[in-house]
Amino acid sequence: MGQKACRMFELSFQIEGAEAVPFAASPLLNLKTRIRATDSELCIHNILLQCQVQIEPTRRPYIDEEKIKLQDLFGDPIRWGQTLRPILWANVNVVVPSFACETLANIPVPCTFDFNIASTKYLYGLEGGEIPICVFFSGTVFYANAEGFRLTKIPWDREAKFRLPVPLWKEMMEMYYPNTSWVCLQRDVFDQIYRYKTARGIPTWEQTFEKLLASGEGIELRKVDV
């Protein structure tokens, strides 16, 4: 009886699609995930689902322009056989409500435009094609059977692979940050650039950086430890 109950716990996960969430507080992608129970008569009350989303860079080719942009992340392309490694994108928790047999759940993946984050550097460096991702699942299942209310853990080997279209990510970031990118600077570096801007009466940050790039005027930024 115990072995039969154990088989009832098993769940499978399949990502069937993705969509951008409009009007969220910050950019958010929903991964449409099909969850199936091996026992069609099993009544699942809910699942406390833990999801780790990883990008798998080795699962796609790269054009020359992408290789240039991604050097900051992976180094010289000659070494990519050693330097291309999975990139952690997000860890998210989801409460899946009651269902029988199967259900379609949203796995929300928060996105950022912070270029200090490895996933942002990678996603921004892609010109097109698809983003190969793998989602690892764990957590707790609360269910009922003939013996009453039970719970069990999701095995650590549950995972689902998906190829997310690059245009979907780019269109979402453009929707939230139209014609805009941003970087995070250490405060002392920012203060030096800010003094340069105000001393010359430059009205915008874009014009400040354009002037620095065009004229080669050097503000000597102190090297700081990171």
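This is a predicted model: local features need pLDDT of at least 70, side-chain atom pairs count only at pLDDT 80 or more; totals for chains, interfaces and linings use all residues.
Trainee: Which residues of helix 5 (residues 118-125) are buried?
Mentor: Ser119, Thr120, Tyr122, Leu123 and Gly125. Buried means under 20% relative accessible area, exposed over 50%, partly exposed in between, with a 1.4 Å probe and protein chains only. Helices are DSSP runs of H or I with at least four residues, strands are runs of E with at least two, and both are numbered from the N terminus.
Trainee: Now arginine 60. Where is it?
Mentor: In the loop between strand 3 and helix 2.
Trainee: Is arginine 60 buried or exposed?
Mentor: Arginine 60 is buried, because its relative accessible area is 11%.
Trainee: What does its side chain reach?
Mentor: The backbone oxygen of glutamate 130, at 3.0 Å. Leaving aside neighbours within four places in sequence, arginine 60 also has contacts (heavy atoms within 4.5 Å). Among the residues it touches are Glu66, Tyr122, Arg163 and Val166.
Trainee: New topic. How many aromatic pairs are there?
Mentor: A search of the whole structure gives 11. Rings of Phe, Tyr and Trp (its six-membered ring) pair if their centres lie within 6.5 Å; planes under 30 degrees apart are stacked, over 60 edge-to-face, the rest tilted. One of the pairs is phenylalanine 13 with phenylalanine 137, stacked at 4.1 Å centre to centre and 10° between the planes.
Trainee: Where in the chain are those two?
Mentor: Phenylalanine 13 is in strand 1 (residues 11-20) and phenylalanine 137 in strand 7, 124 residues apart. Both are buried.
Trainee: And why is the pair of phenylalanine 115 and tyrosine 124 called edge-to-face?
Mentor: Their planes are at 90°, so the pair is edge-to-face, with the ring centres 5.0 Å apart.
Trainee: How accessible is tyrosine 124?
Mentor: Tyrosine 124 is at 35% relative accessibility, so it counts as partly exposed. Phenylalanine 115 is buried, at 19%.
Trainee: Which residues do ring pairs link into a cluster?
Mentor: Phe113, Phe115, Tyr124, Trp169 and Tyr177.

Conventions. Residues are numbered from 1 along each chain as its sequence is written. Side-chain values use heavy atoms; hydrogens and water are left out. A polar contact is a pair of N or O atoms within 3.5 Å; within protein, one must be able to donate a hydrogen and the other to accept it, and residues adjacent in sequence count only if both atoms are side-chain atoms.
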